[in-house]
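The stops below go from a helix pair to a sheet and then to the domains.

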Amino acid sequence: MSAQLIDGNALSKQLRGEVAQRAAALTAQGVKPGLAVILVGENPASQVYVRNKVKSCEEVGFHSVLEKYEATMSEAELLARVDALNKDPSIHGILVQLPLPAHIDDHKVIEAISPAKDVDGFAVESAGALMVGEQGFKACTPYGCMKMLESIGMKDLKGKHAVVIGRSNIVGKPMAMMLLQANATVTICHSGTKDLGAMTRQADVIVAAVGKRNVLTADMVKPGAVVIDVGMNRNDEGKLCGDVDFEGVKQVAGWITPVPGGVGPMTITMLLVNTLESAERAAA
Ligand code: GUN
């Protein structure tokens with residue numbers, strides 16, 4: 001048996017269509033959703049990411065601003081830009097692309113973004129809101145994973161065991177919180193976990209978010225489990241691959257996300273959803 005694919009491109013297309021409709025309705029009321037993206041320096045991967053974010057905004061009818069600065073920009077100058085965007089009523093979401101140059105404190109910059117515009121969901125207030133179940137922006141990648149589960153009828157995970165591999169602040173930890181909020185029993189595994197396979201073999205849902213190839217192999221998966229692969233790595237031939245041994249695991253899993261075309265497009269989609277919701281709140 002081969003697993004069914006959860007197609008991130010198809011789901012993104014559907015969700016972005018809904019975002020575009022809501023954005024048009026809001027624009028007709030005089031509020032056009034606006035996202036500001038700040039890029040400091042010349043990191044090639046970051047340049048590709050920000051271009052995709054801005055292009056995606058244009059496709060759904062948002063106003064978008066890309067501010068590019070030299071790597072020599074000072075922290076004070078960057079904080080002043082964030083402050084100005086916090087006060088700009090045409091901007092509903094602010095995204096400062098990470099990583100920042102070493103002389104700038106990431107944490108200080110992220111915390112300077114108004115919680116009402118923190119559409120990445122990276123600030124302490126947003127993470128805390130998720131933790132206690134209050135309204136706040138959810139980190140886009142795990143939020144996209146939840147939408148993928150919802151798309152296969154797994155919105156409520158009562159009675160299910162979810163295993164998250166990875167404990168980063170931007171994926172692993174918020175992922176675990178979102179799964180918990182959906183009533184799953186959640187285990188978080190990481191580099192200090194003694195027997196990863198013993199954990200993952202119990203799982204109905206596995207989310208791999210480590211950033212290393214072949215972290216999850218077929219022998220570590222219960223037949224029929226749902227496998228979500230957040231990884232973005234390159235194999236020996238330079239081809240994009242995830243954290244999961246896709247060819248092996250798809251023989252055992254019930255559902256699996258591919259890389260590319262799985263979680264990747266969902267991250268930007270959820271950024272659009274967060275920005276739209278920010279604009280809707282501003283208009284209300
Ligand atoms: N760098 C890599 N991914 C992201 C992201 O989702 N948001 C921001 N701000 N920076 C990133």
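Select helix α2 (residues 44–59) and helix α10 (residues 263–283), which pack with their axes 10 Å apart at an angle of about 55°. The two are therefore oblique to each other, a term for angles that are not under 35 degrees (roughly parallel), over 145 (roughly antiparallel) or 65 to 115 (roughly perpendicular). Axes are lines fitted to C-alpha atoms over the stretch in contact, and angles run from 0 to 180 degrees between N-to-C directions. Helices are DSSP runs of H or I with at least four residues, strands are runs of E with at least two, and both are numbered from the N terminus.

This is a predicted model: local features need pLDDT of at least 70, side-chain atom pairs count only at pLDDT 80 or more, and totals for chains, interfaces and linings use all residues. Residues are numbered from 1 along each chain as its sequence is written.

Next, show the contact between α2 and α10: Asn 52, Lys 53, Ser 56 and Cys 57 come from α2, and Ile 268, Leu 271 and Leu 272 from α10. Contact here requires C-beta atoms, placed from the backbone, within 7 Å.

Now move to the open sheet of 6 strands, ordered β1-β11-β8-β7-β5-β6 with parallel pairing. Pairing requires at least two DSSP bridges between two strands. The edge strands, β1 (4–5) and β6 (185–189), each pair on one side only. Select β5 (residues 161–165): β5 and β6 pair in the parallel sense over 5 bridges. Ala 162 stands opposite Val 186 in β6.

Finally, colour domain 1 (30–115) and domain 2 (140–264), whose bounds come from an automatic or database domain assignment. Their centres, taken over C-alpha atoms, are 29 Å apart.

Note on methods: Two residues are in contact if their C-beta atoms, placed from the backbone, lie within 7 Å.
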